[in-house]
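Subject: Structure handover

Hi,

Here is the structure I promised to pass on. My notes on helix packing and the ligand site follow below it.

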Amino acid sequence: MKTIYVDNNATTRVAPEVVEEMTPYFSELYGNPSSMHFFGGQVQKKVEEARERVAALIGARPQEIIFTSCGTESDNAAIFSALQVAPEKRHVLTTRVEHPAVKNLVAQLKREGYRVSELPVDRHGLISMEEVSRAMTEDTAIVSVMWANNETGVLFPVEEIATLAKSRGVIFHTDAVQAVGKIPVNMAESQIDMLSLSGHKLHAPKGIGVLYVRRGTRFAPFVIGGHQEEGRRGGTENVPYIIGLGKACELAASNLEEKNLRVKSLRDKLENGLLKMIENSIINGDREQRLPNTSSISFEYVEGESILLKLSDKGICASSGSACTSGSLEPSHVLRAMGVPFTAAHGSIRFSLSSYNTEEEIDYILEVMPPIIEQLREISPFWKGAAARSCSAS
Ligand code: PLP
C-alpha cells in the first residue's frame, strides 16, 4: 500500500539532501567542535556554516542563533529567560491556543504564583490587538504568541504585537515552529526579540531546534553547563543534526514562494473538493490569514478518530483535532477556544501538506473521503438525529 503523508505539521520527511549532508558527521568527522585539534576544528567550521544557513532563512545574524534540542526547549528557554532577567515582573501574556510547549509551561508558572493571561480567540481563531494592548501591563515580563497555529494554520499578527511590546519595553517571543520554512520570516525587518523553530517541521531530523535571540536582548541560559553557544546553552552540540538543520534551511529558502504557491494550490484543491462533495463540512480557522499548507476541516456528526482509522486503512496519514484524555475524546483546546460546536469539533481532521505531495495524492484523498464520511454517518446516532430534525423542519 502506498503511503500518502498529509500530516506535515506533526513532522516531516527528512530531505534526502539533508541526510546526505549529515551522514559523514556520525562516523567519519565525529570530532567535538570545542576541541583544539584540527579534527574538532573542521567540525566547528561546519557548525558555523549551519548557523549562517539558519540565520539566512530567517534574516538574522549568525550570532543570534542558539541551537537547542527542540522547539519545546526553545519555547521554555525564551520564557524562563525573560522571567530571570526581570525577576520583579510577575506577569506572562500569551493566548489560549498555544502549543503545549507554551501552554503547559505557563500553567506551571501559574501554579508557582505568576500571573498568566491567556488571550481568547474569535470563531476564526484570531486574536484582537486591542485585547493584547489592554492585557500588557508594567508587570508583564514577556508576551509569547505563536506565529502560526499548528492545528488550524491560523497566522497571528506577531510583527504588530512585537512593535507594541517594544514600545512598552516588554520582551516579545514567538513560537514560530509552524511558520519557519512555510512562510517568509525576516528578523532584520522585525521587532521580535526571540523566536523558536524546530528542525523536524522543515525536513530536518527530530531533536534539533533553534532559539533566535535578537542582539541586545538580555538573555539567561536555560540549560546551564559548558561554554557552548557562547555560554547561552550548555551541552556538546548535536553536530550532525545542526548540520542537517543548516541544509534544510538552505533548501527551505530556495524557491519558497514558488513551493508555497504549489502547496497552496494542492491544499485548496483538496479543501474545495471536500467541501463540495461532503455536506455539513466546515473549515476551521480564518481562510485568508492561514498557512498555505494547512487545512482543518470538521465533518459534522462523525468522530475524527473513526475517520483517521479509515483513512489509515487506505494508506492516508492525517491527524484529528481531538485528544484522547482519560478515555474520552475531548476536542482540542484550540477548537474549544474558537467555540467550534461540539458536533463539529469532534469530527475535525487536519490535513497538512508539504512540497513532496502530488496532485495524484490529492485526487486519491478526494476519491476515498466521501464514502468514508457516508459510511460513518450511516452508523452515527447524531447524524440520524440531525437528518430527522432537518426533515421535520423542511
Ligand atoms: N510549537 C508548535 C507550534 C509546534 O507545532 C510544536 C510541535 O508540534 C512545538 C512547538 C514543539 O516542537 P518540538 O516537537 O520540536 O519540541
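Start with helix H3 (residues 38-57) and helix H9 (residues 239-253): they pack at an angle of about 35 degrees, with axes 8 Å apart. Bear in mind throughout that this is a predicted model. The crossing of H3 past H9 is left-handed. On the H3 side, the contact uses Val-43, Lys-46, Val-47, Ala-50, Arg-53, Val-54 and Leu-57. H9 contributes Val-239, Ile-242, Ile-243, Leu-245, Gly-246, Lys-247, Cys-249, Glu-250, Ala-252 and Ala-253. By class, the residues of this H3 and H9 contact are 12 nonpolar, one polar and four charged.

Next, helix H10 (residues 256-277) and helix H14 (residues 359-378). Their axes come within 10 Å and cross at roughly 15 degrees. Angles under 35 degrees count as roughly parallel, so H10 is roughly parallel to H14. H10 passes H14 in a right-handed sense. From H10, the contact takes in Leu-266, Lys-269, Leu-270, Gly-273, Leu-274 and Met-277. From H14 come Glu-359, Ile-362, Asp-363, Ile-365, Leu-366, Met-369 and Pro-370. The H10 and H14 contact residues split into nine nonpolar, one polar and three charged.

H4 and H5 cross in a right-handed way. In H4, the residues involved are Thr-72, Asp-75, Asn-76, Ile-79, Phe-80 and Leu-83. They meet Ala-101, Val-102, Leu-105 and Leu-109 of H5. This H4 and H5 contact has seven nonpolar residues, two polar and one charged.

Now the ligand. Which residues come nearest to the ligand? There are 13 residues around it, and Thr-72, Asp-175, Gln-178, Ser-198 and Lys-201 come nearest. Thr-72 also belongs to the H4 side of the contact with H5.

- Ser-198: a polar side-chain atom lies 2.6 Å from an oxygen atom of the ligand.
- His-200: a polar side-chain atom lies 2.9 Å from a ligand oxygen atom.
- His-99: the distance from a polar side-chain atom to an oxygen atom of the ligand is 3.3 Å.

Best wishes

How values were computed:
Residues numbered from 1 in each chain as written. Predicted model: local features only at pLDDT ≥ 70, side-chain atom pairs only at ≥ 80, totals over all residues. Heavy atoms only, no water. Axes fitted to C-alpha atoms, helices over the stretch in contact; angles between N-to-C directions. Helix = DSSP H or I, 4+ residues; strand = E, 2+ residues; numbered from the N terminus. Parallel < 35°, antiparallel > 145°, perpendicular 65-115°, else oblique. Left-handed = near helix turned anticlockwise from the far one by under 90°. Contact = heavy atoms within 4.5 Å. Nonpolar A, V, L, I, M, F, W, Y, C, P; charged D, E, K, R; others polar. Near = heavy atom within 4 Å. Polar contact = N/O pair within 3.5 Å; in protein donor to acceptor, adjacent residues only side chain to side chain.
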